[in-house]
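The sequence and the model come first.

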Amino acid sequence: MDAVCMVMTAVGSEAAAEVLAQQLVEAQLAACVQVMPVKSFYVWQVQSRREAEYLLLVKTRATLYAQVETFILAHHPYETPEILQLPVTAGSSAYLQWLGASTRDAPARPYE
């Protein structure tokens, strides 16, 4: 089984989150994307900000990370989106097998 990772990103609306999540799953770049509302506190362009956002937790193969990052950058509404890869060090064997079966093998087919 390939190594698995979770990729995090956030967008400003539920609608944008749902579109991006669906696109990632349909492109077989993610087996599952969970979307949840969050409040983000950060500094952007020298201003302190507090924003409602929607966090996407993208479950994928580690070998697909570069393609997931490229896809998010191409489809994300933010100028500088959060894109973080978190390694998965353990998980349910059945879930990990499903994740592998639900995502494409690298190298990728065109998805844009």
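Is Cys32 buried, partly exposed or exposed? I looked it up: Cys32 is partly exposed, at a relative accessible area of 21%. My cut-offs are under 20% relative accessible area for buried, over 50% for exposed and partly exposed in between, with a 1.4 Å probe and protein chains only.

Before going on I note the basis. This is a predicted model, in which local features need pLDDT of at least 70 and side-chain atom pairs count only at pLDDT 80 or more, while totals for chains, interfaces and linings use all residues. Residues are numbered from 1 along each chain as its sequence is written, and side-chain values use heavy atoms, with hydrogens and water left out.

**Cysteines**

I searched the whole structure for disulfides and found zero. The criterion for a disulfide is a pair of cysteine sulfur atoms within 2.5 Å. Cys5 is in no disulfide, and the nearest cysteine sulfur, that of Cys32, is 13 Å away. Seen from Cys32, the closest cysteine sulfur is in Cys5, and 13 Å is too far for a bond. Cys5 counts as buried, at 2% relative accessibility.

**Sheet**

I then went through the strands. Helices (H or I, at least four residues) and strands (E, at least two) are DSSP runs, numbered from the N terminus. Four strands form an open sheet in the order S2-S3-S1-S4, with antiparallel pairing. Two strands count as paired if DSSP finds at least two bridges between them. S2 and S4 are the edge strands, each pairing on one side only. From one strand to the next, the twist averages 30°.

Strand S2 (residues 32–44) pairs with S3 over 13 bridges, in the antiparallel sense. In that pairing I find Lys39 opposite Ala52 of S3. The S2 and S3 hairpin has two residues between the strands, and Gln45 takes a positive phi near 50° there. Gln45 is exposed, with a relative accessible area of 54%.

S1 and S3 pair over eight bridges, also in the antiparallel sense. There, Val7 has Val58 in S3 as its bridge partner.

I checked the helices against the sheet next. H2 packs on the sheet and touches S1, S3 and S4, its direction making about 10° with that of S1. Helix H3 (residues 93–102) packs on the sheet too, touching S1, S2 and S3, and its direction makes about 90° with that of S3. Contact means heavy atoms within 4.5 Å. For the angles, axes are lines fitted to C-alpha atoms, for helices over the stretch in contact, and angles run from 0 to 180 degrees between N-to-C directions.

**Helix faces**

Which residues of H2 are buried? In H2 (residues 65–75) I list Tyr65, Gln67, Val68, Phe71 and Ile72. They cover an arc of only 160° around the axis, which puts them on the same side of H2. The arc is taken from the directions from the helix axis to the C-beta atoms. These buried residues pack against strand S1 (4–11), helix H1 (14–26), strand S3 (47–61) and strand S4 (84–88).

In H3 the buried residues are Leu96, Leu99 and Gly100. They fall within an arc of 95° seen down the axis, so they line one face of H3. They pack against S1 and S3. Ala94, Gln97 and Ala101 are exposed, on the face of H3 turned away from its buried side.

**Core**

The largest nonpolar core has 19 residues, and Val7, Leu24, Val33, Leu56, Val58 and Val68 have the most contacts inside it. A nonpolar core here is a set of buried Ala, Val, Leu, Ile, Met, Phe, Trp, Tyr and Cys residues joined through side-chain atoms within 4.5 Å. S1, H1, S3 and H2 each supply at least two residues of this core. I followed up Leu24: leaving aside neighbours within four places in sequence, Leu24 is in contact with Leu29, Ala30, Val33, Val58, Val68, Phe71 and Ile72.

**Loops**

Ile83 lies in the loop between H2 and S4, and counts as buried at 15% relative accessibility. Not counting residues up to four places away in sequence, Ile83 touches Val7, Met8, Thr9, Tyr65, Glu69, Ile72 and Leu73.

Gln28 lies in the loop between H1 and S2. Its phi is near 60°, a positive value in a residue other than glycine. Gln28 counts as partly exposed, at 27% relative accessibility.
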